[in-house]
Amino acid sequence: MPVTKVIAFANNKGGSGKSTTCSNVGYCLASLGKKVLLIDGDMQMNLTLSFFSEDEALEYAKGGNNLYIAVKEQKDISDFIAKTNYENLDIVPSSTLMSSIEVDLFTKWQREFILRRGLENVKKSGHYDYILIDSPPTLGGWVMNILCASDHLIIPVEASPWGLFGLANMFDFYSQVKTMSPELDLLGIVITKADERKNYFKQALDSLGSIEGVRLFENIIRVDSAVEWAQDNSQPVASYKKNSRSAKEYIELAKEIDKYVNR
């Protein structure tokens with residue numbers, strides 16, 4: 001039976017491209033023949049909106065078939081999986097009510113491991129090769145929950161002065177989670193929204209590449225208007241415009257991630 005790998009995409013810095021990276025890597029892995037489950041852990045619902053129209057996303061948010069209900073009521077995540085329009089690719093939609101999840105979990109027993117327990121049957125089934133989880137831009141108890149449920153962590157970082165700000169806090173938080181979940185592996189940093197025309201890009205590349213013991217993925221995601229158009233059409237960019245630069249970059253990044261996870 002295949003082993004399901006759980007990967008969290010997290011960064012406390014907003015605008016780092018977490019949801020965009022998670023959605024597009026998920027789609028590209030699925031297009032490569034991997035069975036993928038996406039989990040939208042952010043109240044902003046950007047991952048959900050990457051695959052459903054606003055009206056459809058709101059239906060999930062207002063109804064009972066979303067992550068908030070699953071986690072709050074400590075139910076089996078298997079019962080909250082929705083199909084996307086793409087082969088090999090499913091999703092657990094989010095809800096704007098995720099904004100209160102920290103309060104809802106506060107009094108729960110072993111609250112840091114609620115999502116892990118909810119995913120047990122999904123993982124044991126072996127149906128998915130990958131479970132990819134999108135996180136909100138915070139470092140609170142809910143993100144700790146997500147990381148404790150994951151095998152690997154990928155940190156998307158925007159190649160800008162503000163994009164690197166606070167990265168040390170993310171590393172400290174990862175170290176803290178490791179004390180509770182020692183098997184969690186920092187798979188690496190992926191550079192997003194890169195603009196090679198700007199002088200700061202090289203400086204950011206050098207700074208991130210010099211971090212000892214942390215992998216910097218070779219495949220960089222550059223600025224591309226095709227990504228925004230794809231988001232506006234509720235599609236991954238490799239589906240919306242498969243010959244775009246970013247589509248090709250996400251495909252190569254997905255291959256690189258798959259290589260490191262299964263080495």
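Sheet, sites and voids

User: How many bridges join strand S6 (residues 152–158) to S7?

Analyst: S6 and S7 run parallel. They count as strands because they are DSSP runs of E, at least two residues each, numbered from the N terminus (helices are runs of H or I, at least four), and two strands pair if DSSP finds at least two bridges between them. The number of bridges joining S6 to S7 is seven.

User: What pLDDT do side-chain atom pairs need in order to count?

Analyst: Residues are numbered from 1 along each chain as its sequence is written, and side-chain values use heavy atoms, with hydrogens and water left out. This is a predicted model in which totals for chains, interfaces and linings use all residues, local features need pLDDT of at least 70, and side-chain atom pairs count only at pLDDT 80 or more.

User: Which strands stand at the edges of the sheet?

Analyst: The open sheet has seven strands with mixed pairing, in the order S3-S4-S2-S5-S1-S6-S7. An edge strand has a single partner strand, so one of its sides is left without a neighbour in the sheet. The two strands at the edges are S3 and S7.

User: Why is S7 described as largely enclosed, and how many of its residues are buried?

Analyst: Buried means under 20% relative accessible area, exposed over 50%, and partly exposed in between (1.4 Å probe, protein chains only). Strand S7 spans residues 185–192, and it is largely enclosed by the rest of the structure because the number of buried residues among its eight is seven.

User: Which residues of helix H8 are buried?

Analyst: H8 covers residues 141–148, and seven of its eight residues are buried, so the helix is largely enclosed by the rest of the structure. The buried ones are Trp-142, Val-143, Met-144, Asn-145, Ile-146, Leu-147 and Cys-148.

User: Is Ser-244 buried or exposed?

Analyst: Ser-244 sits in the loop between helix H13 (237–240) and helix H14 (245–261). Residues up to four places away in sequence aside, Ser-244 touches (heavy atoms within 4.5 Å) Asp-224, Ala-226 and Val-237. With a relative accessible area of 5%, Ser-244 is buried.

User: What distance separates the C-alpha atoms of Asp-76 and Glu-120?

Analyst: Asp-76 lies in the loop between helix H4 (67–72) and strand S3 (82–83), and its 23% relative accessibility makes it partly exposed. Beyond neighbours within four places in sequence, Asp-76 contacts Gly-118, Asn-121 and Val-122. Asp-76 and Glu-120 are 44 residues apart along the chain, and their C-alpha atoms are separated by 8.0 Å.

User: Which residues lie nearest the centre of the largest pocket?

Analyst: On a 1 Å grid over the protein atoms alone, a pocket is an open set with protein on both sides within 12 Å along at least five of seven lines, a cavity is a set of points where a 1.4 Å probe fits but cannot get out, and lining residues have an atom within 4 Å of a point. The largest pocket has 26 lining residues. Helix H1 (18–31), helix H2 (46–49) and helix H12 (225–232) each give two or more of them. Nearest the centre are Gly-17, Thr-20, Lys-193, Val-227 and Gln-231.

User: Which element supplies the largest share of the lining of the largest cavity?

Analyst: Residues lining this cavity include Thr-20, Ser-23, Asn-24, Val-227 and Gln-231. At least two lining residues come from each of H1 and H12. The largest share, three residues, comes from H1.
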